[in-house]
Amino acid sequence: MRDLGLYCTLMGKVLSVPDRWREFFKRTINEIYKLGIDSIPLVIIISVFIGAVITIQMQLNITSPLLPAYAVGLTTREIILLEFSSSILCLILAGKVGSNIASEIGTMRVTEQIDALDIMGVNSANFLILPKVIGFLLIIPVLVILSMGTSIMGGYAIAYFTDMISVSKFTYGLQAFFNPWYVWYSLIKGLVFSVIITSTSSFFGYYVKGGALEVGKASTRAVVNSSILILFFDVILTKLLLQ
Amino acid sequence: MIEVQNVIKSFDGKTILHDVSCKFYTGKTNLIIGQSGSGKTVLMKSIVGLVNPEHGHILFDGRDVMTMDARSRKELRKEIGMLFQGSALFDSETVLGNVMFPLVMFSDMTQAEMRDRALFCLERVNLKGADRKYPAELSGGMQKRVAIARAIALNPKYLFCDEPNSGLDPRTSILIDELLSDITHEYNMTTIINTHDMNSVLGIGENIVFLNKGHLEWIGTSNDIYCSDNKALTDFVFATRLFQGVREYKLAQSSGSSSCK
C-alpha cells in the first residue's frame with residue numbers, strides 16, 4: 001500500500017506542466033529514438049521467428065479432416081493479433097525498456113544527479129519521466145503494427161519455403177473472417193502496457209536508495225512488477241474489450 | 001546571510017540535529033565541520049531543502065523556507081548553486097551542456113548568449129577548451145570544476161558545497177578551495193562548505209561551524225581554532241601530528257601578540 005501511495009505521488013509530480021516545453025519535446029524525441037527505434041531490431045527478430053513457430057505449431061497440432069486447411073493461417077493470424085503482438089511483445093519490451101529506464105534513473109538517483117535537478121528547482125520527476133512515458137506511448141503503436149506484419153511474414157515464410165502448408169491456403173486463412181476490431185484491441189493493449197512499463201520502471205528507479213547493488217535490484221523489480229501488471233491488465237482489458 | 005534557528009531533525013526516532021542555531025555570512029566562506037555522523041550533511045540538506053526538519057526555521061536573507069509556499073521555494077532555488085560530493089554531472093550531456101543546463105531551464109537568454117555565459121563560467125574555473133568533452137572523459141578535479149561552473153552559471157546568491165575535496169589529491173584540493181574562496185568574494189555569495197579537509201578548514205574558513213554528535217559545539221574563524229580550548233574541536237582538527245605541529249608553530253608565533261587573548 002505504501003508503494004502504491006508513493007507511485008501515485010510520483011505520478012502526480014510526473015503529470016504536471018513541463019518547466020520548458022522546448023526541452024520537453026527535445027527529450028521526448030530522444031526517448032522515442034532510445035526506447036522505440038532502438039527496439040525495432042529486437043521486435044523484428046522475435047516477431048519473425050515467433051510467427052514462423054506459431055505457423056509450424058498450428059500446422060502440427062490442428063490439422064484434422066474436420067477442419068479446413070486454411071485454419072492454420074486463420075489461427076496464426078488470430079494468435080498474433082490478439083496476444084502476441086501486444087501482450088507478449090510488451091512482456092519482452094518490459095525486459096529491455098523497463099530495465100533500461102530503472103537502471104538509468106536509479107543511477108541518476110545514487111549519483112545525486114536527481115538531487116542536483118531538485119536543488120536547481122527543476123521538477124525532476126516530470127523532467128525525467130514524462131518524456132519517457134509520452135515517447136514510448138507514441139512509438140508503441142508502430143512497434144505493435146511492425147510486430148504484426150513481421151510475425152505474419154514469418155508464418156508466410158514457412159508456407160513459402162516448406163511444404164507444410166500451401167501458400168494459397170495460408171494466405172486465404174490470413175484473410176478469412178478478419179475482424180478489424182482485433183487490431184484496435186491490440187493497439188489499445190499496447191498503449192496501456194507502454195504506460196505500465198515506463199511508469200513502473202521509472203518508479204522503481206526514482207526511489208532507489210543505496211548504491212550499484214540497489215540499482216540492479218531496482219532494475220529486476222521493475223521488470224518483474226511490470227510483467228505482473230501487464231498480465232493482470234491483459235485479463236482486465238480482454239474482458240472489457242472483447243466481451 | 002543564511003540563518004538557522006533551533007533546527008531539529010530525526011530519522012527513525014533517532015535525533016540527528018539537536019536544536020542547532022547558527023549563521024552563515026554573505027561574502028564569506030562558511031564551513032560546516034565535524035566527524036562522520038555528526039550531522040553535517042543533514043544540516044546542509046536541511047538548509048537546501050532536500051530534507052525537511054521537524055522543528056526550527058531557516059532564513060535566506062530573512063525569507064523563512066519553512067513557511068514558504070511551493071512557488072516561492074522554487075523561485076528561491078534558482079538563487080542556489082550546489083556542488084555535490086560526486087559532482088553529480090549529467091552523464092549524457094557534454095561539459096558545455098552541463099553548464100548550460102540551468103540557463104536552458106531558467107533563463108530567457110538566446111542560445112548564443114547561453115553558450116557565451118557557459119564558456120565564460122568554464123573559463124572562470126580554468127577549463128577552457130574542455131566544453132565538448134563528456135564528464136566520463138574528465139579527471140575528478142576537472143569534474144568538480146565543471147560542477148562549480150554549473151553551480152555559478154545562474155549567478156547564484158547562495159553556493160553550497162558538499163565535501164568538495166573528497167577523492168582529490170592535495171594539490172587539486174587546494175586549487176578547488178582557492179577557486180571557491182575567490183568566487184565567493186568575487187560574486188559576494190553566501191558560500192557554505194561541508195568538509196573534512198583540514199587544509200580547507202585552516203586555509204579558507206572565515207566562519208566555521210563545528211558539529212559534534214548533532215549538537216552545535218563551536219563557532220569561530222580558522223584563526224580562532226588555534227587558540228580554542230574546546231577539546232572536541234582540537235581533537236578533531238589537530239588529530240594528525242602534522243596539524244599538531246602547525247598548531248604549536250602558530251601558538252608559538254602568536255605568543256606575545258594579542259591574537260589568542
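I began with helix H5 (residues 140–152) of chain B, which lies across S6 and S7 of chain B and runs at about 175° to S6(B). I took helices (H or I, at least four residues) and strands (E, at least two) as DSSP runs numbered from the N terminus, and angles run from 0 to 180 degrees between N-to-C directions, with axes as lines fitted to C-alpha atoms, for helices over the stretch in contact. This is a predicted model, in which local features need pLDDT of at least 70, side-chain atom pairs count only at pLDDT 80 or more, and totals for chains, interfaces and linings use all residues. Residues are numbered from 1 along each chain as its sequence is written, while chains are lettered from A and ligands numbered from 1 in the order in which they are written.

Next I traced the open sheet of chain B, where 6 strands follow the order S6-S7-S8-S3-S9-S10 with mixed pairing (strands pair if DSSP finds at least two bridges between them). Its edge strands are S6 (80–83) and S10 (215–220), each pairing on one side only, and the twist averages 15° from one strand to the next.

I then looked up S3 (residues 29–33) and S8 (residues 190–194) of chain B, which run parallel and are joined by 4 bridges; Thr29(B) has Thr191(B) as its bridge partner in S8(B). Helix H1 (residues 40–48) of chain B packs on this sheet, and its direction makes about 150° with that of S8(B).

Last, I noted that S4(B) and S5(B) form a hairpin with 2 residues between them, and that Asp61(B) in the turn has a positive phi of about 45°.

Conventions
Contact = placed C-beta atoms within 7 Å.
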